[in-house]
Amino acid sequence: MTEWKSNATKPVMDEGLQYHIRCKEGDIAKFVLLPGDPERVDLIGEEWDESRKVANYREHRTFSGKIGGVEISACSTGAGGGSTASAFEELAELGGETFIRVGTTAAIQDYIQPGELIISSGAVRHDGTSPFYVDERYPASAHYEVTAALVEAAEQLNYTYHVGVSCSSASWYCGQGRKGFRGYDQTFFANKVEDLRKANVLNFEMEAATIFTLGGLYGLRTGSVCTVVANRITDEFTYGGIEKSVRVANLAAQILAEWDEVKKAQGKKYWFPSLTKAGKITAK
């Protein structure tokens with residue numbers, strides 16, 4: 001569409017299309033996976049039983065379909081909090097209820113190896129976006145059910161994983177303690193990685209804090225699983241293994257859907273399953 005009119009407070013395009021993601025009512029499932037890279041949406045959809053492209057605009061590529069009978073969507077967020085927040089807002093407006101970040105990450109603990117997974121239980125809010133939603137003392141926490149489902153999925157798939165706090169940065173370079181163009185640097189860069197490491201933070205990434213904060217504010221479930229491609233302490237970078245976090249996220253969505261059915265049958269709003277008796281959904 002090259003010409004259209006709307007109010008400016010909350011722009012909505014013709015046919016009810018959301019401004020950034022270009023999706024409308026009926027396009028988005030309750031379960032939504034959130035990769036940063038648009039190309040990963042295709043990779044995610046390849047594992048589904050049914051998959052269709054819904055939209056492709058700016059950094060936001062969106063597929064919807066089914067896996068194991070569960071309706072599911074995937075929408076790329078782009079890198080960083082700003083574009084992630086825009087996508088999250090519009091996906092929630094269209095019915096998204098459970099959001100799982102699927103990505104890559106750099107570990108800052110020497111015992112975490114490239115190719116392993118990090119499941120984030122919470123995030124340090126250096127994302128540059130969430131402070132514009134709520135006081136910075138408000139926690140960025142993953143929903144416990146999503147975290148449990150991600151752990152269960154990783155266990156079933158026999159992947160090595162780590163659970164803990166991540167740091168979401170607003171910048172891949174200086175925001176993660178790297179030097180900028182022509183060696184630009186500030187004195188506070190020098191201790192950033194070490195200070196976070198001493199605080200038992202596991203890794204750097206760029207979107208989890210925004211997703212977790214908005215999920216907490218809006219009463220929506222959120223989680224994150226990322227494949228480690230680098231270790232800043234050992235100075236290794238080995239790109240690959242993104243399919244591991246994709247498989248874990250897809251399986252976790254199915255596990256959560258089953259748990260939701262159990263809660264519904266038992267008339268419960270909250271339920272924490274035994275991870276040794278997690279249900280019938282298993283990895284293929």
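Analyst: Helices, of at least four residues, and strands, of at least two, are DSSP runs numbered from the N terminus. Please note that this is a predicted model.

User: Thanks. Where is His-143 found?
Analyst: His-143 is found in the loop between β6 and α3.

User: Is His-143 buried or exposed?
Analyst: His-143 counts as buried because its relative accessibility is 19%, and buried means under 20%.

User: Which residues does His-143 touch?
Analyst: Leaving aside residues up to four places away in sequence, His-143 touches Arg-221 and Thr-222.

User: What about Tyr-133, where is that found?
Analyst: Tyr-133 is found in the loop between β6 (117-126) and α3 (144-156). With a relative accessibility of 30%, Tyr-133 counts as partly exposed.

User: Which residues form a nonpolar patch with Tyr-133?
Analyst: Phe-132, Leu-217 and Tyr-218 form the surface patch with Tyr-133, and together the four have about 420 Å² of accessible area.

User: Changing topic: which residues are buried in helix α1?
Analyst: Helix α1 covers residues 38-45, and Arg-40, Val-41, Ile-44 and Gly-45 are buried there. Seen down the axis of α1, these buried residues fall within an arc of 140 degrees, so they line one face of the helix.

User: Why do residues three or four places apart point the same way in an α-helix?
Analyst: They do so because an α-helix has 3.6 residues a turn.

User: And what do the buried residues of α1 pack against?
Analyst: They pack against several elements, including β1 (31-35), β2 (50-57) and α6 (242-266).

User: What lies at the start of α1?
Analyst: There, a side-chain oxygen of Asp-37 reaches to within 3.0 Å of the backbone nitrogen of Glu-39.

Note on methods: Residues are numbered from 1 along each chain as its sequence is written. This is a predicted model: local features need pLDDT of at least 70, side-chain atom pairs count only at pLDDT 80 or more; totals for chains, interfaces and linings use all residues. Side-chain values use heavy atoms; hydrogens and water are left out. Patches are made of residues with over 30% relative accessible area and no salt bridge: like charges are joined within 9 Å, nonpolar side chains (Val, Leu, Ile, Met, Phe, Trp, Tyr) within 5 Å. Accessible areas come from the Shrake-Rupley method with a 1.4 Å probe; for residues, only the protein chains shown count as cover. A salt bridge is a side-chain nitrogen of Lys or Arg within 4 Å of a carboxyl oxygen of Asp or Glu. Buried means under 20% relative accessible area, exposed over 50%, partly exposed in between (1.4 Å probe, protein chains only). The arc is that of the directions from the helix axis to the C-beta atoms. Contact means heavy atoms within 4.5 Å. A polar contact is a pair of N or O atoms within 3.5 Å; within protein, one must be able to donate a hydrogen and the other to accept it, and residues adjacent in sequence count only if both atoms are side-chain atoms.
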